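I opened this entry to keep track of what I looked up, item by item. Notes follow in the order I took them.

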Amino acid sequence: MKTVHLFYNPKSGKKQTDLVDLIQEKLIDKGIAAQDISVIKPATPKECFALAKKASQEQVDLIIPLGGDGTLNKVIGGAYEGGNNSFIGLVPSGSVNNFAKALGIPLELEAAIDVIFNGHVKPIDICKANNHYMISSLTLGLLADIAANVTSEEKRKFGPLVFLKDSWRILRRNRTYTIGLKHDDSISVIKTKFLLITMTNTIAGFPSFSPDALVDDGYMQVYTMKKLHFWKFLCHIHEFKQGDFSQAEEIVHFKTKSLELNAVKPGRSANPRTRIDGDKCDLLPVSLEVIRQAISIIVPKENLT
């Protein structure tokens with residue numbers, strides 16, 4: 001590797017600035033020339049996407065995005081649109097790091113840098129969702145509502161546990177959405193409390209929901225829940241976190257390569273807003289298509305299967 005672009009959010013404060021300096025030192029220690037390391041500081045998510053696309057088009061050898069899954073989403077989506085000409089190296093620096101955990105990337109800086117230089121390149125699936133990209137998950141309904149009022153500062157401070165903050169209020173509200181699903185020559189209308197789509201075997205940083213899913217199998221995993229029994233949900237929350245839904249007959253699961261989501265009764269209260277990789281995204285309708293092995297990520301040698 002000769003040229004490296006480090007992407008980070010300059011508004012994230014002193015802590016991430018210090019991390020950038022430290023990573024530059026580590027890269028130089030590994031033999032990368034200082035003049036070949038560029039620090040990219042996008043002012044907006046849109047600019048982040050555009051600059052990552054430009055870096056890929058210019059065939060930068062290595063792109064390292066710093067931040068949470070939302071930042072990774074923009075960098076990876078941009079690198080894909082730029083032709084997938086650059087390797088992506090991950091140094092987990094967000095509050096949850098769901099995508100990095102799904103790929104087995106160490107959370108410690110030294111170990112993550114070591115993976116970049118001694119790991120193997122693995123082609124990873126991503127998903128096109130309308131005009132956006134998804135690397136990890138899409139939610140609507142219950143799970144999206146729980147995350148709606150969580151701030152970036154709270155995520156940095158409390159990590160995955162922050163999502164418990166509004167859980168009680170959202171669970172008691174018990175809202176249901178009527179959604180049209182179209183996939184694999186099947187058209188159906190469902191009433192659901194939540195819809196979750198995953199590209200990995202983790203969600204919110206926990207190994208759950210899709211334990212057997214692979215990051216390169218060409219499928220998205222789809223989960224819906226028709227009814228929500230509050231006390232039953234609490235009784236089995238440990239099993240749910242481990243990906244065991246044997247005690248939850250209300251949850252329906254299928255996998256597919258493409259999916260169309262529509263609001264059957266469109267209106268302000270009936271049309272849910274989606275969240276993609278933790279960030280607020282489109283209202284329905286949303287059309288999703290898996291792009292198999294779209295991007296090249298450097299992963300640990302033991303995580304090649």
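I began at the end of helix α2, where Q59 follows with a positive phi, near 60°. The model is predicted, and I read every value with that in mind.

Next I went back along α2 itself. The helix covers residues 45-57, 13 residues in total. From its first C-alpha to its last I noted a reach of 18 Å, close to the 18 Å expected at 1.5 Å a residue.

Which residues of α2 are buried? I listed C48, A52, A55 and S56. Seen down the helix axis, these buried residues fall within an arc of 95°, so they line one face of α2. I then looked up what that face packs against: β1 (4-7), β3 (62-65) and α3 (69-81).

I turned to a sheet. Six strands make up an open sheet, and I wrote down the order as β12-β11-β10-β7-β14-β15, with antiparallel pairing. Its edge strands are β12 (251-256) and β15 (279-283), each of which pairs on one side only. From one strand to the next, the twist averages 20°.

Strand β10 (residues 194-198) runs antiparallel to β11 (residues 220-225), and five bridges join the two. Within this pair I found I197 opposite V222 of β11.

Last, I noted the totals. The protein has ten helices and 16 strands. It has 305 residues, of which 49% count as buried. Of the contacts between residues at least 6 apart in sequence, 75% join residues at least 24 apart.

Methods: Residues are numbered from 1 along each chain as its sequence is written. This is a predicted model: local features need pLDDT of at least 70, side-chain atom pairs count only at pLDDT 80 or more; totals for chains, interfaces and linings use all residues. Side-chain values use heavy atoms; hydrogens and water are left out. Helices (H or I, at least four residues) and strands (E, at least two) are DSSP runs, numbered from the N terminus. Buried means under 20% relative accessible area, exposed over 50%, partly exposed in between (1.4 Å probe, protein chains only). Contact means heavy atoms within 4.5 Å. Two strands pair if DSSP finds at least two bridges between them. Axes are lines fitted to C-alpha atoms, for helices over the stretch in contact, and angles run from 0 to 180 degrees between N-to-C directions. The expected span of a helix is 1.5 Å times one less than its number of residues. The arc is that of the directions from the helix axis to the C-beta atoms.
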